[in-house]
Amino acid sequence: LLTGALGSAWAGYALSNLPPLVHIALALAFGFFFGALVGAIAGYLKAFRGVHEVITTIMLNSIVMGIVDYLASNPFKEADQALTRTPQILDSVRLPMFGNFPSGFFLAAALAFLMWWILGFTTTGFRFNTVGRNRFAAWYAGISVKRTVVSAMVISGAIAGLGGAIETLGITYRYAPAFNLGLGFDGITIALLGRVHPIGIIPGAILIGGMRAGAANMQFDAGVAPELVDLLMALILFFVTAPLIARFFKNSRNKSVTSGWGN
């Protein structure tokens with residue numbers, strides 16, 4: 001997300017004299033590429049070194065934050081400004097608005113439908129699902145597990161980088177280090193709320209995004225503390241995950257009861 005946001009911001013203000021469609025496509029490609037690059041690092045370590053992706057991605061968070069903060073504070077920093085941020089992107093690269101909706105919303109929705117089609121109706125999606133469910137069975141069936149793991153992480157990183165690029169080109173119009181606060185945890189909540197389904201995350205994202213966007217207005221117009229939104233999101237996450245946790249413990253208990261010398 002961070003590398004995609006910074007890469008698209010640089011392409012947005014440093015590259016000029018380009019037609020709007022070409023400039024937007026190029027800036028989105030920058031975000032796509034740099035997000036994929038970070039995902040490839042985690043995928044390689046997972047596939048070829050056996051390092052758990054949660055550990056590597058958490059460590060990469062700190063590394064990437066340090067790198068992008070340095071770039072935004074020094075070579076990419078807006079001149080004559082005390083704040084750590086890049087210059088504003090050019091008008092030719094800004095994503096248009098459709099009424100009250102930024103075009104990034106439609107891009108994200110289209111990407112969700114694309115991933116639903118890939119995962120459900122293509123050979124690539126079948127490989128991803130098979131390796132994710134049982135990598136040993138996938139290997140026995142002739143699927144290249146290492147290549148599939150790296151590909152999945154590259155695509156995942158590219159999607160995150162594209163999300164950062166859309167945020168830069170359609171909302172913030174520059175890279176600012178604080179734009180991503182809480183997005184990772186909100187993403188986990190949305191994924192669980194949508195049952196980790198590409199189409200299900202769309203209404204989940206609209207719900208969580210609406211709650212986040214309305215928190216400030218609720219505070220000023222109705223006197224409601226903004227922390228109430230965090231409480232509601234925590235309750236949503238609790239009730240969404242409660243059946244999964246209960247099912248996990250139930251299955252574990254059944255295995256311990258039925259296992260024996262004869263199994």
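Me: What makes the crossing of α1 and α3 left-handed?

Reply: In this predicted model, a crossing is left-handed if the near helix is turned anticlockwise from the far one by less than a right angle, and the crossing of α1 and α3 meets that description. The contact there is made by Leu2, Thr3 and Leu6 of α1 together with Val64, Met65, Val68 and Leu71 of α3, and by class it has 6 nonpolar, 1 polar and no charged residues.

Me: Why is α1 called roughly parallel to α3?

Reply: The axes of α1 (residues 2-14) and α3 (residues 53-73) come within 10 Å and cross at roughly 20°. Because angles under 35 degrees count as roughly parallel, α1 is described as roughly parallel to α3.

Me: How do you know that α1 is roughly antiparallel to α2?

Reply: The axes of α1 and α2 (residues 20-49) come within 7 Å and cross at roughly 150°. Since angles over 145 degrees count as roughly antiparallel, that term applies to α1 and α2, and α1 passes α2 in a right-handed crossing.

Me: Which residues of α1 and α2 meet, and how many of the residues in this contact are polar?

Reply: From α1, Thr3, Gly4, Gly7, Ser8, Trp10, Ala11 and Gly12 meet His23, Ala27, Phe30, Gly31, Phe34, Gly35 and Val38 of α2. By class, this contact has 6 nonpolar, 8 polar and no charged residues, where Gly is counted among the polar ones.

Key:
Residues numbered from 1 in each chain as written. Predicted model: local features only at pLDDT ≥ 70, side-chain atom pairs only at ≥ 80, totals over all residues. Heavy atoms only, no water. Axes fitted to C-alpha atoms, helices over the stretch in contact; angles between N-to-C directions. Helix = DSSP H or I, 4+ residues; strand = E, 2+ residues; numbered from the N terminus. Parallel < 35°, antiparallel > 145°, perpendicular 65-115°, else oblique. Contact = heavy atoms within 4.5 Å.
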